Amino acid sequence: MDFYDLYSFSETSKRSRSLSKRSAKRHEGHMKVSLHRCLKLKYKSSSHPNCNLKINLEDKGSTFENLEKYLSIRHSSLFVNVTISLKICHWLFDFDFTLITFDHLAQLGYPLKKCYVEGFKNNEAIVRALITFRKAERVDMSIEPTTDFEKFDFVTPFTESLENESLQILYPDWVSPWHVNNVFNKCREVTLSDRMFSFAESDVIEILKSWRTESSIRTLILTFDLAGSIEDFGAKMVEMKAKPVQEAASSMEMKRQRRWGYVSSAWLLKQINTGAEVLVTVGNYPHEGTRKDLHMKEEFELEPENR
(Lines give C-alpha, C1' and ligand atoms only; values in the text may rest on other atoms or scores of the structure.)
Protein backbone atom coordinates (compact mmCIF):
# COMPACT_ATOMS: atom_id res chain seq x y z
CA MET A 1 0.00 0.00 0.00
CA ASP A 2 1.20 3.51 -0.68
CA PHE A 3 1.37 5.93 2.25
CA TYR A 4 -1.95 7.65 1.45
CA ASP A 5 -3.90 4.37 1.28
CA LEU A 6 -2.08 3.16 4.35
CA TYR A 7 -3.34 6.15 6.33
CA SER A 8 -6.92 5.58 5.14
CA PHE A 9 -6.69 1.94 6.14
CA SER A 10 -5.38 2.91 9.57
CA GLU A 11 -8.55 4.90 10.27
CA THR A 12 -10.91 1.94 9.83
CA SER A 13 -10.24 0.32 13.23
CA LYS A 14 -7.85 0.16 16.17
CA ARG A 15 -6.36 -3.09 14.89
CA SER A 16 -5.82 -1.70 11.40
CA ARG A 17 -4.09 1.35 12.91
CA SER A 18 -1.79 -0.92 14.90
CA LEU A 19 -0.93 -2.88 11.77
CA SER A 20 -0.47 0.36 9.79
CA LYS A 21 2.02 1.77 12.28
CA ARG A 22 4.33 -1.19 11.77
CA SER A 23 4.04 -0.93 8.01
CA ALA A 24 4.44 2.86 7.98
CA LYS A 25 7.95 2.62 9.40
CA ARG A 26 9.04 1.37 5.98
CA HIS A 27 7.86 4.62 4.41
CA GLU A 28 11.01 6.69 4.77
CA GLY A 29 10.14 9.83 2.92
CA HIS A 30 10.80 13.51 2.43
CA MET A 31 8.24 16.30 2.38
CA LYS A 32 8.89 19.64 0.69
CA VAL A 33 6.78 22.65 1.63
CA SER A 34 7.12 25.80 -0.48
CA LEU A 35 5.38 29.11 0.31
CA HIS A 36 5.50 31.46 -2.67
CA ARG A 37 2.18 32.99 -3.76
CA CYS A 38 0.56 29.63 -3.09
CA LEU A 39 1.49 26.76 -0.83
CA LYS A 40 2.98 23.65 -2.40
CA LEU A 41 3.42 20.37 -0.58
CA LYS A 42 5.20 17.36 -2.07
CA TYR A 43 5.89 14.02 -0.42
CA LYS A 44 8.33 11.43 -1.76
CA SER A 45 8.79 7.96 -0.34
CA SER A 46 12.35 6.65 -0.67
CA SER A 47 11.18 3.09 0.04
CA HIS A 48 8.28 3.32 -2.42
CA PRO A 49 9.64 5.23 -5.48
CA ASN A 50 6.24 5.40 -7.18
CA CYS A 51 4.51 6.77 -4.09
CA ASN A 52 4.66 10.52 -4.69
CA LEU A 53 2.11 13.11 -3.62
CA LYS A 54 1.93 16.65 -4.93
CA ILE A 55 -0.66 19.12 -3.73
CA ASN A 56 -1.16 22.89 -4.07
CA LEU A 57 -3.02 24.67 -1.28
CA GLU A 58 -4.16 28.27 -1.36
CA ASP A 59 -3.12 30.27 1.68
CA LYS A 60 -6.75 31.08 2.67
CA GLY A 61 -5.99 34.51 4.06
CA SER A 62 -2.52 33.49 5.20
CA THR A 63 -3.82 31.25 7.99
CA PHE A 64 -2.37 28.00 6.60
CA GLU A 65 -5.12 26.02 8.27
CA ASN A 66 -5.13 23.55 5.38
CA LEU A 67 -1.43 22.87 5.74
CA GLU A 68 -1.54 22.31 9.47
CA LYS A 69 -4.64 20.13 9.20
CA TYR A 70 -3.14 18.12 6.37
CA LEU A 71 0.13 17.49 8.13
CA SER A 72 -1.37 16.64 11.51
CA ILE A 73 -4.22 14.46 10.21
CA ARG A 74 -2.76 12.84 7.13
CA HIS A 75 0.51 12.00 8.82
CA SER A 76 0.07 12.49 12.58
CA SER A 77 2.43 9.98 14.24
CA LEU A 78 1.96 7.33 11.57
CA PHE A 79 4.90 8.09 9.30
CA VAL A 80 7.77 8.34 11.74
CA ASN A 81 10.59 8.76 9.22
CA VAL A 82 9.32 11.79 7.33
CA THR A 83 11.67 14.75 6.94
CA ILE A 84 10.60 18.20 5.77
CA SER A 85 12.14 20.98 3.66
CA LEU A 86 10.74 24.51 3.80
CA LYS A 87 11.03 27.48 1.46
CA ILE A 88 9.43 30.69 2.73
CA CYS A 89 9.16 34.11 1.09
CA HIS A 90 7.97 36.03 4.13
CA TRP A 91 6.72 39.21 2.46
CA LEU A 92 3.93 37.27 0.73
CA PHE A 93 2.34 35.99 3.94
CA ASP A 94 1.49 36.82 7.53
CA PHE A 95 4.95 36.04 8.87
CA ASP A 96 3.86 35.72 12.50
CA PHE A 97 1.33 33.05 11.72
CA THR A 98 3.71 31.33 9.32
CA LEU A 99 6.29 30.82 12.07
CA ILE A 100 3.66 29.70 14.58
CA THR A 101 2.45 27.13 12.07
CA PHE A 102 5.89 25.73 11.38
CA ASP A 103 6.89 25.78 15.02
CA HIS A 104 3.87 23.56 15.65
CA LEU A 105 4.88 21.43 12.67
CA ALA A 106 8.31 20.91 14.20
CA GLN A 107 6.69 19.96 17.51
CA LEU A 108 4.86 17.14 15.71
CA GLY A 109 8.27 15.49 15.58
CA TYR A 110 9.16 15.70 11.90
CA PRO A 111 12.88 16.42 11.36
CA LEU A 112 13.39 19.62 9.38
CA LYS A 113 15.87 18.83 6.62
CA LYS A 114 16.38 22.20 4.96
CA CYS A 115 14.86 25.64 5.55
CA TYR A 116 15.30 28.45 3.06
CA VAL A 117 13.90 31.80 4.20
CA GLU A 118 13.89 34.81 1.87
CA GLY A 119 12.81 38.34 2.66
CA PHE A 120 13.61 42.04 2.58
CA LYS A 121 14.55 44.43 5.42
CA ASN A 122 12.96 42.74 8.42
CA ASN A 123 15.07 42.44 11.59
CA GLU A 124 12.43 40.61 13.62
CA ALA A 125 11.95 38.07 10.84
CA ILE A 126 15.68 37.25 10.94
CA VAL A 127 15.65 36.54 14.67
CA ARG A 128 12.34 34.67 14.79
CA ALA A 129 13.15 32.48 11.79
CA LEU A 130 16.53 31.46 13.20
CA ILE A 131 14.98 30.63 16.58
CA THR A 132 12.05 28.73 15.04
CA PHE A 133 14.34 26.63 12.83
CA ARG A 134 17.16 26.27 15.37
CA LYS A 135 17.14 22.46 15.11
CA ALA A 136 16.79 22.17 11.34
CA GLU A 137 19.62 20.31 9.65
CA ARG A 138 20.32 23.16 7.24
CA VAL A 139 19.20 26.80 7.28
CA ASP A 140 19.78 29.26 4.44
CA MET A 141 18.86 32.76 5.62
CA SER A 142 18.41 35.36 2.89
CA ILE A 143 16.67 38.19 4.75
CA GLU A 144 18.28 41.61 4.53
CA PRO A 145 18.28 43.70 7.74
CA THR A 146 17.02 47.28 7.81
CA THR A 147 19.43 50.14 7.18
CA ASP A 148 19.21 51.13 10.87
CA PHE A 149 19.64 47.58 12.19
CA GLU A 150 22.09 48.82 14.86
CA LYS A 151 19.08 50.10 16.82
CA PHE A 152 17.50 46.62 16.92
CA ASP A 153 18.25 44.14 19.72
CA PHE A 154 19.82 41.13 18.00
CA VAL A 155 21.16 39.72 21.30
CA THR A 156 18.46 39.33 23.96
CA PRO A 157 16.07 37.12 21.92
CA PHE A 158 18.71 34.37 21.57
CA THR A 159 18.46 32.45 24.84
CA GLU A 160 20.02 29.24 23.49
CA SER A 161 22.40 28.15 20.75
CA LEU A 162 21.30 27.09 17.28
CA GLU A 163 21.94 23.45 16.47
CA ASN A 164 22.02 23.47 12.68
CA GLU A 165 24.42 21.19 10.87
CA SER A 166 24.80 23.95 8.30
CA LEU A 167 23.95 27.65 8.69
CA GLN A 168 24.31 30.14 5.85
CA ILE A 169 23.49 33.83 6.30
CA LEU A 170 23.55 35.83 3.09
CA TYR A 171 23.31 39.27 4.76
CA PRO A 172 25.45 39.04 7.94
CA ASP A 173 25.72 42.80 8.59
CA TRP A 174 23.99 42.33 11.96
CA VAL A 175 26.19 39.39 13.04
CA SER A 176 28.82 40.08 15.73
CA PRO A 177 31.53 37.87 17.25
CA TRP A 178 29.11 37.31 20.14
CA HIS A 179 26.67 35.55 17.80
CA VAL A 180 29.36 33.29 16.36
CA ASN A 181 30.71 32.41 19.82
CA ASN A 182 27.41 32.07 21.71
CA VAL A 183 24.60 31.46 19.22
CA PHE A 184 26.21 29.68 16.25
CA ASN A 185 28.72 27.76 18.42
CA LYS A 186 26.79 24.46 18.24
CA CYS A 187 26.48 24.55 14.44
CA ARG A 188 28.87 22.45 12.37
CA GLU A 189 29.25 24.68 9.31
CA VAL A 190 28.75 28.46 9.33
CA THR A 191 28.91 30.62 6.21
CA LEU A 192 28.58 34.40 6.53
CA SER A 193 28.71 35.49 2.92
CA ASP A 194 28.18 39.00 1.59
CA ARG A 195 30.55 40.60 -0.89
CA MET A 196 29.42 44.04 0.35
CA PHE A 197 30.19 43.41 4.03
CA SER A 198 33.41 42.64 5.91
CA PHE A 199 34.12 41.86 9.55
CA ALA A 200 36.91 43.72 11.34
CA GLU A 201 40.20 41.92 11.95
CA SER A 202 39.61 42.25 15.70
CA ASP A 203 36.30 40.37 15.23
CA VAL A 204 38.12 37.48 13.58
CA ILE A 205 40.74 37.26 16.35
CA GLU A 206 37.97 37.29 18.97
CA ILE A 207 36.12 34.50 17.16
CA LEU A 208 39.21 32.32 16.78
CA LYS A 209 40.28 32.79 20.41
CA SER A 210 36.83 31.74 21.58
CA TRP A 211 36.85 28.76 19.20
CA ARG A 212 40.03 27.45 20.82
CA THR A 213 38.21 27.24 24.16
CA GLU A 214 34.95 25.62 23.05
CA SER A 215 32.89 25.41 19.86
CA SER A 216 31.31 22.78 17.59
CA ILE A 217 32.07 24.81 14.46
CA ARG A 218 34.36 22.96 12.09
CA THR A 219 33.81 25.05 8.95
CA LEU A 220 33.64 28.85 9.02
CA ILE A 221 33.61 31.14 5.99
CA LEU A 222 33.58 34.95 6.12
CA THR A 223 35.40 38.02 4.82
CA PHE A 224 37.22 40.67 6.86
CA ASP A 225 39.38 43.76 6.50
CA LEU A 226 43.05 43.25 7.36
CA ALA A 227 44.12 45.95 9.84
CA GLY A 228 47.84 45.77 9.13
CA SER A 229 50.13 43.41 7.23
CA ILE A 230 49.59 39.68 6.82
CA GLU A 231 52.75 39.24 8.92
CA ASP A 232 51.11 41.13 11.77
CA PHE A 233 48.05 38.91 11.48
CA GLY A 234 50.28 35.85 11.43
CA ALA A 235 51.93 36.97 14.67
CA LYS A 236 48.50 37.09 16.32
CA MET A 237 47.81 33.57 15.08
CA VAL A 238 51.11 32.36 16.54
CA GLU A 239 50.10 33.91 19.87
CA MET A 240 47.13 31.50 19.76
CA LYS A 241 49.60 28.61 19.32
CA ALA A 242 48.67 28.29 15.62
CA LYS A 243 51.32 26.71 13.40
CA PRO A 244 52.12 28.35 10.02
CA VAL A 245 51.75 25.81 7.18
CA GLN A 246 51.29 25.68 3.41
CA GLU A 247 48.06 24.23 2.06
CA ALA A 248 48.35 21.96 -0.96
CA ALA A 249 46.37 22.85 -4.10
CA SER A 250 44.37 19.62 -3.94
CA SER A 251 41.42 20.68 -6.11
CA MET A 252 41.03 22.09 -9.59
CA GLU A 253 39.40 25.19 -8.11
CA MET A 254 42.41 25.92 -5.89
CA LYS A 255 44.82 25.36 -8.78
CA ARG A 256 42.80 27.73 -10.96
CA GLN A 257 42.73 30.38 -8.21
CA ARG A 258 46.51 30.25 -7.82
CA ARG A 259 47.02 30.55 -11.56
CA TRP A 260 44.90 33.69 -11.47
CA GLY A 261 47.02 35.21 -8.70
CA TYR A 262 45.13 34.23 -5.54
CA VAL A 263 47.55 34.42 -2.60
CA SER A 264 46.81 32.86 0.78
CA SER A 265 48.46 32.09 4.11
CA ALA A 266 47.50 29.19 6.37
CA TRP A 267 47.80 28.10 9.99
CA LEU A 268 46.90 24.96 11.91
CA LEU A 269 44.76 25.83 14.94
CA LYS A 270 44.06 23.33 17.70
CA GLN A 271 41.11 23.36 20.08
CA ILE A 272 42.10 23.08 23.75
CA ASN A 273 39.17 21.09 25.14
CA THR A 274 38.71 18.56 22.30
CA GLY A 275 42.05 18.45 20.52
CA ALA A 276 40.25 19.10 17.22
CA GLU A 277 42.51 20.67 14.59
CA VAL A 278 41.41 22.93 11.75
CA LEU A 279 43.17 24.77 8.96
CA VAL A 280 42.65 28.53 8.92
CA THR A 281 43.42 30.17 5.57
CA VAL A 282 43.43 33.90 4.81
CA GLY A 283 43.74 35.06 1.22
CA ASN A 284 42.60 37.24 -1.65
CA TYR A 285 43.44 38.44 -5.14
CA PRO A 286 45.92 41.37 -5.34
CA HIS A 287 43.27 43.84 -6.58
CA GLU A 288 41.10 43.22 -3.47
CA GLY A 289 43.50 45.12 -1.21
CA THR A 290 42.93 44.61 2.52
CA ARG A 291 39.71 42.63 2.05
CA LYS A 292 40.49 39.01 2.91
CA ASP A 293 38.63 35.70 2.73
CA LEU A 294 38.84 33.59 5.88
CA HIS A 295 38.14 29.88 5.59
CA MET A 296 38.35 27.52 8.55
CA LYS A 297 37.98 23.84 7.71
CA GLU A 298 38.64 20.44 9.27
CA GLU A 299 39.28 18.63 5.97
CA PHE A 300 42.42 19.79 4.20
CA GLU A 301 45.68 18.68 2.61
CA LEU A 302 49.11 20.18 3.33
CA GLU A 303 52.23 20.40 1.22
CA PRO A 304 54.58 17.43 1.91
CA GLU A 305 57.09 19.47 3.93
CA ASN A 306 54.33 20.42 6.41
CA ARG A 307 53.19 16.88 7.16
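## Where two helices meet

Let's start with a meeting point: E201, V204, I205 and L208 in helix 7 touch F233, K236 and M237 in helix 8. Sorted by type, the residues of this contact comprise 5 nonpolar and 2 charged ones, with no polar residue among them. Keep in mind that this is a predicted model.

## How the two helices lie

Helix 7 covers residues 201–213, and helix 8 covers residues 230–239. How do these two helices run relative to each other, roughly parallel or roughly antiparallel? Their axes come within 11 Å and cross at roughly 20°. Angles under 35 degrees count as roughly parallel, so helix 7 and helix 8 are roughly parallel to each other. The crossing of this pair is right-handed.

## The whole protein

Now let's step back. The protein contains 9 helices and 14 strands. Of its 307 residues, 47% are buried.

Among contacts in the protein with a separation of 6 or more, 64% are between residues 24 or more positions apart.

Are C115 and C187 buried or exposed? C115 has a relative accessibility of 0%, so C115 counts as buried. C187 is buried too, and its relative accessible area is 0%. The cut-off for buried is under 20% relative accessible area.

How many disulfides does the structure hold? A disulfide is a covalent bond that links the sulfur atoms of two cysteines. This structure has 0 disulfides.

Notes
Residues numbered from 1 in each chain as written. Predicted model: local features only at pLDDT ≥ 70, side-chain atom pairs only at ≥ 80, totals over all residues. Heavy atoms only, no water. Axes fitted to C-alpha atoms, helices over the stretch in contact; angles between N-to-C directions. Helix = DSSP H or I, 4+ residues; strand = E, 2+ residues; numbered from the N terminus. Parallel < 35°, antiparallel > 145°, perpendicular 65-115°, else oblique. Left-handed = near helix turned anticlockwise from the far one by under 90°. Contact = heavy atoms within 4.5 Å. Nonpolar A, V, L, I, M, F, W, Y, C, P; charged D, E, K, R; others polar. Disulfide = S-S within 2.5 Å. Buried < 20%, exposed > 50% of the residue type's maximum accessible area, 1.4 Å probe, protein only.
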